[in-house]
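Subject: Handing over the two-chain model

Dear colleague,

I am passing on to you the structure shown below, and after it I set out what was found. Please keep it open beside this message as you read.

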Protein chains: 2
Amino acid sequence: MSDELNTLSATEIATGVAAGTFTAEEVTMACLDHIAGREDVVGAWEFVDPELALAQARVVDAAPEKGVMAGVPVGVKDIIDTHDMPTGMGSPIYDGHRPPADASCVAQMRAAGAVILGKTVTCEFAGLTPRKTANPHDPARTPGGSSSGSAAAVADHMLPVAFGTQTGGSVLRPSSYCGIIGYKPSFDTFSLTGVYPAAESLDTLGLHARKLEDIELASSALLMRPHALVPDSQRPPVVGLCKTTMWDAAQPESREAVENAAAAMKAAGAQVRDFELPEEFDWLGELRGIINGRERAVVMADEWARNRDGLSDQLQKTIQDGLDTDHRDYVDAMYLMETCRARTTQAFEGCDVLLTPAVDGEAPVGLDETGSPRFQALWTMLHTPTITLPTHTGPNGLPIGIQLVAPYRADRSLMAISRWTLEACA
Amino acid sequence: MSDELNTLSATEIATGVAAGTFTAEEVTMACLDHIAGREDVVGAWEFVDPELALAQARVVDAAPEKGVMAGVPVGVKDIIDTHDMPTGMGSPIYDGHRPPADASCVAQMRAAGAVILGKTVTCEFAGLTPRKTANPHDPARTPGGSSSGSAAAVADHMLPVAFGTQTGGSVLRPSSYCGIIGYKPSFDTFSLTGVYPAAESLDTLGLHARKLEDIELASSALLMRPHALVPDSQRPPVVGLCKTTMWDAAQPESREAVENAAAAMKAAGAQVRDFELPEEFDWLGELRGIINGRERAVVMADEWARNRDGLSDQLQKTIQDGLDTDHRDYVDAMYLMETCRARTTQAFEGCDVLLTPAVDGEAPVGLDETGSPRFQALWTMLHTPTITLPTHTGPNGLPIGIQLVAPYRADRSLMAISRWTLEACA
């Protein structure tokens, strides 16, 4: 049995461990075995200590009370602190760094009975410079980034759920490229305590999973709420088909995925309307470069001063651009971004959710770049909850996700509509 | 001369060091000498290494280019990371902890030429449990908290400027009690990278100084803008006299300070109107307890799991209350708080600034508590920029600050009006 436990969902694992159907140790062993067989190809992990993982699992098995995440192996992006594993930020500057405490999200997962399996590969400081991870569907292609290892590990059935972070598109892009679900909640939903920042006005902790119910389960652990799946919607959703101004530049497979999903949702009873964002939202892509560079320069002021040579050329350029940005341009960008945020809920114009491309197309060939964040970053700027669902494939048989976006704080509605959408597109 | 340099403003120091009038080393030595003579009474410091401070000063003196903070000694609240000094969080759990990097605000100050003089006393994890600091105006009284050491050190002329953080009232209250200026900018203005959190939706980095121009100077370093004081206002301000529902419970000296300031501002040409916040804002005080407790429990999930016995009884109770809070109550509280925030700018009703009590009265006698945060916390909840100005004294001759509050992101306007107000109240 052990060789199949790694394919179970987090929900199935927690249920099985609580019922005594199998043990957390068996689940952990199955995941470790699968990793041992596939890691050479996928390269999802910065750190896995099998004994440390199994010891956690035995503690869960011995505990009289089982938490909602009992025995569920969880992957942790390597910019997120762990007290018992190194946290390297994807950078030689932090090689072997040992934080004094767990990040809150890690401690919360442990408190809920999860097994912290190891640290997943991140691009350098959650930016654009990748390390070693390959797309499990085609190792010649990028898995996306910056949460590269988390998305690849979940997609490869190395474990059911993992943490990512998104400042531009770092949760949804790799999830879409790897064919799994990626969820970025409303800004300021999950704690960022112990998570290395990238741009403070944009950073959001998110989740990767193969099953939607696992996203809800992990959210319950992080929100410290009694776990229950959100009820089904009372009616099919009103869907805004939001092509954005980047539509024509996307690959045909991405446009076809969205149009096919729209047709399927309509066939299942949804109202689908063409939807255009207000004109001032067109500036958000450009503003993001200003804000991201400027805030990155602030976040990394210490590394810039004391360890500049330890930064990649690409990250040095981002920081230098940020330092060279006129402060007034940053203030103006923030003002426009905050104005757009304040108008976002109203801008939905009665739509429950927006349907929009998640990515430009299939994962690009090559491991030196992680693809474009532009279809994900717009919604990160707006602080809205957003999710990618693995509904489609492209001409090379690789996954193409669609993206659903809900108004700020409408995360529960987004979950219910996502469940409905997965059924409509099945 | 050395025995007077500690009384200079940051602006005077930076100007003098740049001009060669005196050296950064002389300034640092003067501050260290004053600390040596007064620390037994005030107890403002967790860590000062004179040689480390002087070595920084010599580097500044040797540098061909002088930054805007050249030679200015800066105090750093001991929840803010420093790569070369321990960061103890005011807790035995982090006793002797050495972070791998400077917090962004510290690195930015160093980049601007400041001398990081040492780590100032904080209440335990920036909460309510004080350590050893006394009010420099009367050592039998609290300096306020949680930025106790920063406010006391600046007030005692140990140095001109220091960092504080505010989640309830932790910058403005000790500033008011100690008779200095305390500034909490708009939420998400100064970086929190490397600052230990308390409640993530409320935490704000702020500044303590004796001179308003020093607040502007330090802000320029943190915002990476070319330094220039904001221009004077074109006209006297429209002032909303905001007594709040807590007015009658405040001490007479606090009410008198505000009414006297209102009269002085009116005499100087301001329009002063009675101002009432919309009714739903009355809930904010109660909501704060829910949000603060809940977010504190999340932030400290690791310490709760692994080091509970190292937490004070008071902090354990705050966390337990947070864990016991129904998740729906937290969600409701966040919704109401965010609704109030969205209505705040409109609620100003044409007022440029609100004038309101900063504190209940003079600093209370005793060092076991740090006074009430209620007059400060309302504005922290609303994310508005706020400042306390040391304009008045109470019946025991102790300082009573007034508080000015501006709409979100109107920090520059708040600076100009503060300058005008200091002149009007002089």
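Within chain A, 39 residues of domain 1 are in contact with 35 residues of domain 2, where two residues count as in contact if their C-beta atoms, placed from the backbone, lie within 7 Å. This is a predicted model, in which local features need pLDDT of at least 70 and side-chain atom pairs count only at pLDDT 80 or more, while totals for chains, interfaces and linings use all residues. Residues are numbered from 1 along each chain as its sequence is written, and chains are lettered from A and ligands numbered from 1 in the order in which they are written.

The domains of chain A are domain 1 (5-223), domain 2 (238-275 + 348-424) and domain 3 (282-334), with bounds that come from an automatic or database domain assignment. Between the C-alpha centres of domain 1 and domain 2 of chain A there are 24 Å. On the side of domain 1 of chain A that touches domain 2, the elements giving two or more residues are α6 (172-178), β5 (181-184) and α7 (212-223) of chain A; helices (H or I, at least four residues) and strands (E, at least two) are DSSP runs, numbered from the N terminus. The most comes from α6(A), which gives six residues to that side of domain 1 of chain A.

Turning to the two chains, their contact takes 30 residues from chain A and 29 residues from chain B. The side of chain A that touches chain B draws two or more residues from each of α4 (104-111), α9 (284-299), α10 (301-306) and α12 (327-347) of chain A, and α4(A) gives the most, with five residues.

Chain A can be laid on chain B with an RMSD of 0.0 Å by a turn of 180 degrees and a shift of 0.0 Å along the axis, the copies being superposed by least squares on the C-alpha atoms of residues with pLDDT of at least 70 in both. That is the relation of a two-fold axis. The same surface serves both copies, in that 97% of the contact residues of chain A recur in chain B.

Lastly, in chain B, helix α9 (residues 284-299) packs against helix α11 (residues 313-324) at an angle of about 100 degrees, with their axes 7 Å apart; axes are lines fitted to C-alpha atoms, for helices over the stretch in contact, and angles run from 0 to 180 degrees between N-to-C directions.

With best wishes
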